[in-house]
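Please read them alongside the structure shown below.

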Amino acid sequence: IHTGESIVVAPSQTLDNSDYNMLRNTAVKVVRHLGVVGECNIQYALDPFSDAYFIIEVNARLSRSSALASKATGYPLAYVAAKLSLDYSLPQLRNSVTGKTTACFEPSLDYLAVKIPRWDLKKFPKVSNKIGSAMKSVGEVMAIGRRFEEAIQKGLRMVDSHEGFVPGIIPASEDEIRDATDQRILSVATAFADGWELEKIRSLSNIDPWFLNRLKDINDFNAVLSTYKDKQVPHDDLMHAKQLGFSDKVIARLTQSSELAVRSHRKALNIIPVVKQIDTVSAEYPACTNYLYLTYNGKTDDIEPSKDAVFVLGSGVYRIGSSVEFDWCGVSCIRELRKLGHQTIVLNCNPETVSTDYDESERLFFDEISF
């Protein structure tokens with residue numbers, strides 16, 4: 001399946017150190033052999049049961065994957081690549097995102113980013129919804145959290161107005177799970193709810209058990225929340241639900257309540273998210289980035305609230321008919337506000353946009369608009 005069609009998790013959760021270093025060392029050798037100066041990405045196919053691997057392609061250019069990698073890791077790839085082409089060396093360049101490290105300092109993350117593609121296949125009724133080596137997706141979102149369950153549910157809400165990893169939207173189907181489609185993950189959700197064994201889903205989909213176990217944890221907690229029908233969820237279970245990425249809307253449906261009532265009860269219990277900075281140096285140096293995200297898997301805010309700042313809502317995920325021109329509107333608004341002396345706060349979940357560049361606004365939230 002094409003990388004652009006795949007759900008991507010960074011940092012990798014299923015490669016061990018030997019696999020990671022093998023592929024990393026190979027990448028360095030390939031780049032040196034080809035004489036690439038600047039940005040380059042390599043697509044691998046790795047056998048999960050051995051050390052065998054294949055290089056599918058080597059792209060000595062910036063691509064959609066480059067934007068994702070840059071914003072997922074807080075490493076300004078395009079800036080560094082441009083400077084390298086002007087004969088600077090990595091130790092000479094300062095990472096303009098962290099402000100503390102040089103460009104040869106490899107990112108080390110204390111958070112988890114999940115990229116989910118968005119397709120517009122429903123606009124073309126005769127087009128197959130099977131996904132493979134040809135890229136059909138028209139956009140993507142990036143969700144950030146402190147655990148996989150939180151980030152994957154955020155991402156599913158961002159991408160197409162779904163409510164997260166919830167069953168019942170797409171029926172459980174062996175064909176859907178075996179031959180990947182744009183809706184496969186929602187079919188997996190229904191399969192878990194229908195009582196399918198994890199091993200059956202794994203054998204059909206070849207999805208790594210690490211991911212399936214965490215998706216199953218989300219599904220299993222549906223049953224816990226359903227025991228609180230017509231009554232308020234206690235603090236510990238409500239906190240755990242939010243840490244697993246459940247929205248207030250889904251909790252309300254499972255408990256036969258309203259979204260407003262759940263939110264009011266949650267705030268009364270002081271269950272609110274904290275604001276975290278994207279820390280790309282894993283506390284080796286103080287984090288000073290303006291990339292921010294909300295999480296329930298934390299104790300304290302990393303920053304103080306803004307005063308007298310202007311909030312700008314970004315364009316969200318790209319669709320057919322809603323693309324770069326909407327981000328241009330947002331960026332033009334941000335720049336004009338800054339010219340007038342206002343601080344700006346941007347909320348957007350689309351890593352392909354200029355509005356999510358680190359130097360466009362004083363504060364940038366990579367997050368969703370739902371509670």
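1. Strand S6 (residues 274–277) runs antiparallel to S7, and the two are joined over four bridges; strands here are DSSP runs (E, at least two residues), numbered from the N terminus, and two strands count as paired if DSSP finds at least two bridges between them. Within this pairing, glutamine 277 lies opposite leucine 292 of S7.

2. The model is a predicted one, in which local features need pLDDT of at least 70, side-chain atom pairs count only at pLDDT 80 or more, and totals for chains, interfaces and linings use all residues. Residues are numbered from 1 along each chain as its sequence is written, and side-chain values use heavy atoms, with hydrogens and water left out.

3. S7 also pairs with strand S10 (residues 363–366), here in the parallel sense and over two bridges, and leucine 292 has phenylalanine 365 in S10 as its bridge partner.

4. Why is S7 largely enclosed by the rest of the structure? Four of the five residues of this strand (residues 291–295) are buried, where buried means under 20% relative accessible area with a 1.4 Å probe, protein chains only.

5. Taken as a whole, the five strands make an open sheet of mixed pairing, in the order S6-S7-S10-S9-S8. Its edge strands are S6 and S8 (310–313), each of which pairs on one side only, and the twist from one strand to the next averages 30 degrees, with axes being lines fitted to C-alpha atoms and angles running from 0 to 180 degrees between N-to-C directions.

6. S8 pairs with strand S9 (residues 344–348) in the parallel sense over four bridges, and valine 310 stands opposite threonine 344 of S9.

Note on methods. Buried < 20%, exposed > 50% of the residue type's maximum accessible area, 1.4 Å probe, protein only.
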